[in-house]
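Subject: Structure handover

Hello,

Here is the structure I promised to pass on. My notes follow below it.

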Amino acid sequence: MIDKIRADFPILQREVYGKPLIYLDNSATTQKPRVVVDAIVDEYYSVNANVHRGVHFLSQQATNLHEGARKTVQKFINAASTNEIVFTRGTTESINLLAFSFGEEFMKEGDEIIISTMEHHSNIVPWQLLAARKGIAIKVIPINDKGELLIDEYRKLFSERTKLVSVAHVSNVLGTINPVKEIIDIAHTNDVPVLIDGAQSVPHIPVDVQALDADFYAFSSHKIYGPTGIGVLYGKEKWLDAIPPYQGGGEMIQHVSFERTTFNELPFKFEAGTPDYIGTTGLAIALDYVSAIGLENIAAYEHELTRYATQRLKEIEGLRIYGEADNKSSVISFLVGDIHHFDLGTLLDRLGIAVRTGHHCAQPLMQRLGIEGTVRASLAMYNTKEEVDALVEGIKRVAKMF
Ligand code: PLP
């Protein structure tokens, strides 16, 4: 099975510095299977036309592909309707969209939003921009030393001024899988809606937005084997209906005059300009690819691989793992002795091993951990135990040099 999956990803056959590529930077972006790239090329070569406004054959075909992709996304996360699937450029844009539109409609000076210590900058800075514009306050859920959210502390953060909770489903540094169902239930008891940053969850665990009762859910195509530049904001229809557009332009209008403009229905109200209709096809093909393998199977495989990697990494003298939550995804952050993360990453690269080094766009979390950065190995369904062994041997080799 694994050989068949690996064969679908041409880049995994290449070498770097004359060594076989071992790609362990999947939290940053995943590689693309041939079916996804082929679908993109095919659409450019044989279907390309602008969507929604053309009466001609190609435009209708392109529109069908684009709207079919919306349906695929809807089914993938079990949204109630395609009206609830807004295409964006990615998680970052999804969160910015919500920070702007929700902030415009529902937040005023003195209101509060709750985020967590382990958020990616994408789920911090948009709220800070809103805070600067509207004078809102940002409250932060603390974590324990294993890298788990302190739920009792979270409960205490609510006040009458709390308007929104926005937290990551899975941490891109610690790998922690947060108890988002519980987080959402607690917020709802306080009558507060919740946005879940699903950038690191959708590629690795089955997500059902209705079962979670999430009000908003964001994710990026490129982290789930799809193309770059496309992503999704899921929002319950009642919320999307209630908030104003994010950007103005073509597609998002119903009627324009110089006196007054009326806006298009959902989800188009939030999709100003020509959409990335080729990107949406690529995303849909990627989701179909993942569905054919089965997210349960992917999750089980990655879980076992992560268990193996954690156990093997712990054999290395002086290696410290950051993030040891009971419920963890396939992300392992670590440091070895006093070797700088950048030096370790650079030397591993020379062995053909691609890992991430640095603060991983989570500087407040680094402050909480009392470090500047880590080395991060993030595993995907095409990684193998042999690659984990090579990582362990590589680290041992580098450690000997210091
Ligand atoms: N949120 C989390 C948890 C992430 O890991 C990332 C990317 O690494 C993002 C948000 C931002 O995603 P994108 O850069 O695709 O918008």
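A residue counts as buried under 20% relative accessible area, as exposed over 50%, and as partly exposed in between. Keep in mind that this is a predicted model.

Start with Tyr17. Its relative accessible area is 41%, so Tyr17 is partly exposed. Tyr17 lies in the loop between strand E1 (15–16) and strand E2 (19–20). Its phi is positive, about 50 degrees, although Tyr17 is not a glycine.

Asn78 also has a positive phi, near 55 degrees, and is a residue other than glycine. Asn78 sits in the loop between H3 and strand E4 (85–88). Its relative accessibility is 32%, so Asn78 counts as partly exposed. Most residues other than glycine have a negative phi, and most peptide bonds are trans.

Pro267 belongs to the loop between strand E12 (261–263) and H10.

Next, the helices. How do H3 and H10 cross? The axes of helix H3 (residues 57–77) and helix H10 (residues 277–293) come within 8 Å, at a crossing angle of roughly 40 degrees. H3 is therefore oblique to H10. The crossing of H3 past H10 is left-handed.

Last, the surface. Val37, Val41, Tyr44 and Tyr45 make up a nonpolar patch there. Together they have about 450 Å² of accessible area. Tyr45 is in helix H2 (residues 34–46). Is Tyr45 buried or exposed? Tyr45 counts as exposed because its relative accessibility is 73%.

Best wishes

Key: Residues numbered from 1 in each chain as written. Predicted model: local features only at pLDDT ≥ 70, side-chain atom pairs only at ≥ 80, totals over all residues. Heavy atoms only, no water. Patch = residues over 30% accessible without salt bridge, like charges linked within 9 Å, V, L, I, M, F, W, Y side chains within 5 Å. Areas by Shrake-Rupley, 256 points an atom, 1.4 Å probe, with all protein chains shown as cover. Salt bridge = Lys/Arg side-chain N within 4 Å of Asp/Glu carboxyl O. Helix = DSSP H or I, 4+ residues; strand = E, 2+ residues; numbered from the N terminus. Buried < 20%, exposed > 50% of the residue type's maximum accessible area, 1.4 Å probe, protein only. Axes fitted to C-alpha atoms, helices over the stretch in contact; angles between N-to-C directions. Parallel < 35°, antiparallel > 145°, perpendicular 65-115°, else oblique. Left-handed = near helix turned anticlockwise from the far one by under 90°.
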